[in-house]
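Work through the exercises below with the structure open. Each task is followed by a stepwise solution.

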Amino acid sequence: MLDSHANISKPILKTMKKRVVILNNEIMPYRIPLFAEIAKLVDLTVLYSAKRSDERDWTVDTYQLAYAYRILSGFYIKLPKPHYNEWRTIWFNPTLFFTLWRLKPDVVIGYEYSIPALTALLYSKLRGCAYITWSDMTEYAERELSRGQRFTRKLILPRSQAYIGSSYATCANFKRYGIEDDRIILAPLAPDFERFRAVTRSTTHPPMVLYVGYLNERKGVIHLLNAFKQVYEKLPESKLILVGTGDLWDTLQTFVIENQMQDAVSFRGFIESENLPEIYSQADVFVLPSLEDVFGVVGIEALASGLSVICSQYAGFSSHLTDGENAFIIDPFDHAALADRIIMLLTHPDLRDHLRAASESVLAMFTPEYSAAQFMKAIERVHHGKSV
């Protein structure tokens, strides 16, 4: 059970390790396994700006955090994003600087280009500790950065000693700013996907397509429905499961009714992470139709569940895939092409088997152990190659 006054004392053995602080906006379930693995290697404290933002549906109190952490006091403001009718959250944590001063970390890993990241950078310069920038941001997603974030990025990037990117697309984005290859470390997102493999797949369901995520404009679900309309016309036995909530819930349901697809499309609402493996086991094809997504961790869950994946070219996860080899990469605005790929996969089990086998090599780098080792490379680099 989570506690905002969590005990952050560590065993005496850990005092021999480098003290590392990681800043993160909020508690995200898919990052918990990674932080737990890093905590085995360094004296780690994770500082969260908040327990959970109001955009998230998951229940974080059910998670056990096997590492030291603090949820900082503070407040936030919301500003509109330029696209997709969404809002960005700007966190302010007045106690962050003094918390860092008390913790005295050897290395601070700041997440992207926020006020807390800038505060941590200031601390690192005053105290002489190393600072690493950690980001999920892609070139395409940076369209959403505010003027303040762009200004903060200009301050932070030249003053960081190493850079951790969660995808190939993020690492390529770092290179756009002239950062040398040897200072950029790829540390992929690392959800606990083994539990998805552990569930026995259903073999008696009709041809099934699955989507998991928000039901909003940015996630491109309306484009998936437009494509599935064409699939349904050619394969009337096919089904589509939509898992998630969002501001397009009513709009999407109206679309389904107007196109007489009520028998084919199922709205399941939000489902907690621990119950998702059973949902994945019921499908054949997973579609990630995002119009912009820094990554798309559900794609990893889908691969681990044995599904064939169709991924938007605008999702950071697509940079880890090879079109036609281990997945299909599509433009979600091209409804006909998306429908064609779905039909192809639903009607060719041998093709699904081929993609499933080829995706094993993709999954190999999304383990907490691998990603934690990559974080350690960055930490060791800023300490001139000295072992921690």
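The exercises cover a surface patch, a pocket and a cavity in this predicted model.

**Exercise 1.** Identify the residues that make the nonpolar surface patch of about 260 Å², and classify F75 as buried, partly exposed or exposed.

Solution.
1. The patch is made by F75, I77 and L79.
2. F75 is found in strand β4, which covers residues 75–80.
3. The relative accessible area of F75 is 46%.
4. Buried means under 20% and exposed means over 50%, so F75 counts as partly exposed.
5. Patch members need over 30% relative accessible area, and F75, at 46%, is a member of this patch.

**Exercise 2.** Describe the second largest pocket by volume, lining and residue class.

Solution.
1. The volume of this second largest pocket is about 160 Å³.
2. Its lining consists of 13 residues.
3. Nearest the centre of the pocket lie T138, E139, Y140, A169 and Q313.
4. Sorted by class, the lining holds five nonpolar, six polar and two charged residues.

**Exercise 3.** How many cavities of 30 Å³ or more are counted, and what lines the largest cavity?

Solution.
1. The count is one cavity of 30 Å³ or more.
2. The largest cavity has a volume of about 40 Å³.
3. Its lining residues are L23, N24, N25, S49, Y111, S114, P116 and A117.
4. Strand β1 (19–24) and helix α3 (115–127) each supply at least two residues of this lining.
5. By class, the lining of the largest cavity has four nonpolar and four polar residues, with no charged residues.

Key:
Residues numbered from 1 in each chain as written. Predicted model: local features only at pLDDT ≥ 70, side-chain atom pairs only at ≥ 80, totals over all residues. Heavy atoms only, no water. Patch = residues over 30% accessible without salt bridge, like charges linked within 9 Å, V, L, I, M, F, W, Y side chains within 5 Å. Areas by Shrake-Rupley, 256 points an atom, 1.4 Å probe, with all protein chains shown as cover. Salt bridge = Lys/Arg side-chain N within 4 Å of Asp/Glu carboxyl O. Helix = DSSP H or I, 4+ residues; strand = E, 2+ residues; numbered from the N terminus. Buried < 20%, exposed > 50% of the residue type's maximum accessible area, 1.4 Å probe, protein only. 1 Å grid on protein atoms, 1.4 Å probe; cavity = no way out; pocket = protein on both sides within 12 Å on 5 of 7 lines; lining within 4 Å. Points joined across faces, edges and corners; volume = space filled by probe spheres on them. Nonpolar A, V, L, I, M, F, W, Y, C, P; charged D, E, K, R; others polar.
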